[in-house]
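Take a moment to look over the sequence and the fold before reading on. The paragraphs below go from the sheet to the helices and then to the contact between the chains.

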Amino acid sequence: MPVRGIRRRYLLFNVSTGSAPEEKAIWEALRDSILTLYGAKGLSLIDPNLIEYNEETKNGIVRCTHDTERFLRASLASIVNVSGTPAAIRVQRTSGTIKALRKKAGIEKPKKETE
Amino acid sequence: MRHYVDLHLKPSTPEQAKEMALLASQLGYKHIASTKPTADPGERITTATRIDIDAKRSRELLEALKRSRRRYDVVAVRCLSKEVARQAAKDDRIDILLFPDDPTQRKQNWLDHHEAGLIDGTGRAYEVNASDLLATSPTRLSKVITQIKRDLAVASRHDIPVVLSSGASTPLAMREPKALTALATLLDIDEDYAVEMLSTIPEAILERNHAKLKEEP
């Protein structure tokens with residue numbers, strides 16, 4: 001029996017902050033925000049995955065399940081500090097595929113994936 | 001085409017007001033209302049002036065209204081007591097009622113059925129500030145959500161329009177329109193209505209007041 005894969009949404013975000021947070025700090029802030037707003041069950045439903053984060057441009061791509069995009073947006077919006085530094089995370093674009101998102105935003109595929 | 005409106009920006013300086021107006025334009029807002037005068041931020045966004053009146057006694061409120069109604073596009077009252085909430089509910093010079101952001105103060109002051117009955121059909125709006133939902137401890141956040149949801153239930157029963165604003169006092173507290181409507185999910189607000197709370201409802205308030213201010217000598 002053919003099994004259809006889980007539909008996803010990909011969100012391109014930008015971090016506004018005075019410091020240069022690491023990828024791990026962004027992930028921890030996002031995970032904690034989801035846990036605060038929606039709990040462990042919400043975290044499981046949203047199934048977030050920080051696909052990539054560029055520390056120079058402060059842009060990143062995060063993935064969630066298709067029907068939980070609003071919850072992920074709310075969780076990103078409610079982050080006000082990353083590693084103790086005031087910050088804001090704003091979504092710039094969304095797409096159903098990572099390829100289309102990169103194309104729309106003019107982002108190149110990270111080198112390690114192409115090698 | 002839908003125009004997004006952020007009716008509540010609270011910058012502390014005129015320079016910050018300009019910075020926030022530019023950011024609002026980049027985030028996709030068409031109109032903003034700010035408590036500090038804003039130098040012309042450009043063609044893509046229009047700015048309105050707003051005053052937040054904090055009053056504990058109705059007499060203080062009436063005096064403040066006398067001084068400020070004609071000077072501002074939007075007049076909002078933060079109801080710090082029941083007395084003020086009742087007065088604000090029946091005064092036609094007021095556009096928006098808001099309640100204290102501190103859950104302890106809000107325990108004493110909320111939108112009750114009596115006030116809602118006075119507001120019903122007048123076009124005055126109840127305001128939800130997204131800043132109240134940001135970055136608080138889970139305990140505080142749960143209290144705030146419960147209190148706002150209680151007010152929203154009363155507002156809905158009396159068909160009172162609800163406005164969703166950022167309530168941002170710094171650029172870092174500003175969010176894009178879709179983020180604000182997503183935050184409204186915390187209050188169990190339907191997605192379509194959340195979009196109206198951020199577009200058609202505040203836009204109607206601005207249009208009504210601009211028309212009124214033009215008519216007055």
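**The sheet and its surroundings**

In this predicted model, chain A holds an open sheet of 5 strands, paired antiparallel and arranged in the order β2-β3-β1-β5-β4. Because β2 (49–54) and β4 (81–82) of chain A each have a single partner strand, they stand at the edges, and one side of each is left without a neighbour in the sheet. Helix α2 (residues 69–77) of chain A packs on this sheet, where it touches β1, β3 (59–65) and β5 of chain A, and its direction makes about 155° with that of β5(A). Helix α3 (residues 98–105) of chain A, by contrast, runs at about 105° to β5(A) and lies across β1, β2, β3 and β5 of chain A.

Within the sheet, strand β1 (residues 8–17) and strand β5 (residues 85–95) of chain A run antiparallel and are joined by 8 bridges; N14(A), for its part, stands opposite R90(A) in β5(A).

Taken as a whole, chain A has 4 helices and 5 strands, which follow one another along the sequence as β-α-β-β-α-β-β-α-α. Of the contacts in chain A with a separation of 6 or more, 65% join residues 24 or more positions apart. The radius of gyration of chain A is 14 Å, which agrees with the value near 13 Å that a compact globule of 115 residues would have, and 34% of the residues of chain A count as buried.

Technical notes:
Residues are numbered from 1 along each chain as its sequence is written. Chains are lettered from A and ligands numbered from 1 in the order in which they are written. This is a predicted model: local features need pLDDT of at least 70, side-chain atom pairs count only at pLDDT 80 or more; totals for chains, interfaces and linings use all residues. Two strands pair if DSSP finds at least two bridges between them. Helices (H or I, at least four residues) and strands (E, at least two) are DSSP runs, numbered from the N terminus. Two residues are in contact if their C-beta atoms, placed from the backbone, lie within 7 Å. Axes are lines fitted to C-alpha atoms, for helices over the stretch in contact, and angles run from 0 to 180 degrees between N-to-C directions. The radius of gyration is taken over C-alpha atoms; the globule rule is 2.2 Å times the number of residues to the power 0.38. A residue is buried if 20 or more other C-beta atoms lie within 10 Å of its own, exposed if 12 or fewer, and partly exposed in between; C-beta atoms are placed from the backbone.
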